[in-house]
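Me: I would like to learn how to read a sheet and a single side chain in a model. Please take me through one case.

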Amino acid sequence: LTAMGDPGMDPAMSAADSTAQQDSLFSMMDVFLISLITGLFTYWFFFRKKKEEVPELPKMQSVAAPVRDSSFIEKMKKTGRNIVVFYGSQTGTAEEFANRLSKDAHRYGLRGMAADPEEYDLSDLSRLSEIDKSLAVFCMATYGEGDPTDNAQDFYDWLQEADADLSGLRFAVFGLGNKTYEHFNAMGKYVDKRLEELGAQRIFELGLGDDDGNLEEDFITWREQFWPAVCEHFGVEATGEESSIRQYELVVHTDVNMNKVYTGEMGRLKSYENQKPPFDAKNPFLAQVTENRKLNEGGERHLMHLELDISNSKIRYESGDHVAVYPANDSSLVNQIGEILGTDLDTVMSLNNLDEESNKKHPFPCPTSYRTALTYYLDITNPPRTNVLYELAQYAADAGEQERLRKMASSAAEGKALYLSWVVEARRNILAILQDMPSLRPPIDHLCELLPRLQARYYSIASSSKVHPNSIHICAVMVEYETKTGRLNKGVATNWLKNKVPAQNGSSSLVPMYVRKSQFRLPFKPSIPVIMIGPGTGIAPFIGFIQERAWLKQQGKEVGETVLYYGCRREREDYLYREELARFQKEGVLTQLNVAFSRDQAEKVYVQHLLKKNKENIWKLVNEEMAHIYVCGDARNMARDVQNAFYEIVSEFGNMSQPQAMDYVKKLMTKGRYSLDVWS
């Protein structure tokens, strides 16, 4: 404050000095006090206006974001839009759906824009009624155990605290979830309910997409009923057939400085050459693979343990967190796409958004080469969605192939069934579709525009930062299967990780990664018992948990019972971390080790069977000793079967009915004593 006030104090001090010379009755203390008061008054007077000019920031607004960009209302007015489609997206699907809905709008004489809620001040929703025929649509994915996606966290917080009057707002919500999870579509349901509570008018019912079923079909079914409801509400009609409108224009760079060309970076150009923390999704750290070993002794599967060196990265993690890795597509798939389309993959190009007002200037970092885009930025291994087939149909020279593509992209029952069998169930990726439709030869730039972004893959960290502060361990199984068409499909990330060879130097051992925080945490008090259930690679976080409990014991802390229920196919084939677990048990850290070998006997034995076998001990640990329960692994079957086993144990030993037992387990979850880290 003194430094800021200095320039304003000098004139005041000279004025006080002249006053002192005129009146000898003034003491030096009087001079000092008058100077100080005058200086402070001068400082306040000159700086007051500057302070008033700074607008008070609403809770949702990022300090870094200029005020003019935070208002989606102003942007909509400026660009003549009346529909805004917000997306809460973790893997890119909700964003993709939002883009499709915003593009649909032109068919009804309306104009839409897709928007990331993280980039705007959502309290402006109360002003949307200022725009004629305005509508807000929300495509909201649910992440983890009923959580909002990272980019929707601020919006979720605002909704919880807001007392805004949204009575002029018209809205609709489509949720993206997975029925195998406990909190199916929690975010979509919450947004739909909360907007209505704040006075907004729902113009179409909540859509609930299920990724365990057919998410694409759920979206199409909802969408085909949503638009007629919009037309009826606003009194508009469809202006014509769905047409292909390019969102980006191709610019080929013939004479370009290669230092300005992206080679796989996720955000900042040259960020892989000049690494700067903090590291996150847009700025991953390049970690060296220091160990990559096969964990299983036999069988046709490949289970692996990798160690990533995070020295000097300032990355911090806790047991139970997830590590995200950005994989690369198989070069042979990329080359085959280039050959089929007769393209020089090393052509340097940019795809520039035709909408100059859009925040998204390119679909992926540009300028770059087609090879880089297909290797690092685009998903070429998953079956394409129906909108991609529709857009590609125009490039099929054969009328039969064109009709087939259009039919699969239609909302007719026959078309949906064909898409399900020919694309989804047959696991046909874009290369397989191009191979099986010889007349389909789209321009590679349009194909690159249509394909979704290649997403990071998340793995539960298999180490404790207390024991391994400079490395993160991954436990994974390589995905490989034969499709109905006889093709061999390989998992992008696990196939790529398998080939990461520990080396002193070279990109062959580098993995772009960052850490995502989790709620999957050991109890704050080490003396509290833990029951860990993790068959297969679900054991990963528990290796970290046990390492941490061993470290705490070495520090002289009282450590409670540490109980593990693990399962695999065969004892001599895929018993992961066998030696480590035996050592922990010998040291007295792992107080109980229960292993189910599902295929070593005639009747299959799984972890839930062992839980029931030890039901009395389980009930004592949970009910009397306040144990925390952790479940990691397959959500579709294992997690559900384990939960049912707990219902049975609670019902029997707690003398409760089935509904009471279910309520008891639900309360454990609410209190953070029953945690899940599951995937489907």
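Me: In which sense do strand β19 and β22 pair, and over how many bridges?

Reply: First, a caution: this is a predicted model. Strand β19, residues 530–533, pairs with β22 in the parallel sense, and four bridges connect them.

Me: What is the bridge partner of Y630 in β23?

Reply: That partner is S675. Strand β23, residues 674–679, runs parallel to β22, and six bridges join the two.

Me: In what order do the strands of the open sheet stand?

Reply: The order is β21-β20-β19-β22-β23, five strands with parallel pairing. β21 (592–597) and β23 have a single partner strand each, so they are the edges, and one side of each lacks a neighbour in the sheet. On average, neighbouring strands here are turned by 10° against each other, with direction ignored.

Me: How should I think about side chains along a strand, and how many residues of β22 are buried?

Reply: The general idea is that side chains in a regular strand alternate between the two faces of the sheet. As for β22, which spans residues 628–634, six of its seven residues are buried, and the strand is mostly covered.

Me: Which strands does helix α21 lie across?

Reply: Helix α21, residues 638–653, lies across β19, β22 and β23. To describe its direction, take the angle to one strand: α21 runs at about 150° to β22.

Me: Now a single residue. Is K553 buried, partly exposed or exposed?

Reply: Relative accessibility decides the class, and buried means under 20% while exposed means over 50%. K553 has 39%, so it counts as partly exposed. K553 is placed in helix α17, which covers residues 540–554.

Me: Which residues does K553 touch, leaving out those up to four places away in sequence?

Reply: K553 touches V559, E587, G588 and V589. For G588 there is more detail: the side chain of K553 reaches the backbone oxygen of G588 at 3.3 Å.

Me: How far apart are K553 and P526 in sequence and in space?

Reply: They are 27 residues apart in sequence, and their C-alpha atoms are 8.8 Å apart.

Notes:
Residues are numbered from 1 along each chain as its sequence is written. This is a predicted model: local features need pLDDT of at least 70, side-chain atom pairs count only at pLDDT 80 or more; totals for chains, interfaces and linings use all residues. Side-chain values use heavy atoms; hydrogens and water are left out. Buried means under 20% relative accessible area, exposed over 50%, partly exposed in between (1.4 Å probe, protein chains only). Contact means heavy atoms within 4.5 Å. A polar contact is a pair of N or O atoms within 3.5 Å; within protein, one must be able to donate a hydrogen and the other to accept it, and residues adjacent in sequence count only if both atoms are side-chain atoms. Two strands pair if DSSP finds at least two bridges between them. Axes are lines fitted to C-alpha atoms, for helices over the stretch in contact, and angles run from 0 to 180 degrees between N-to-C directions.
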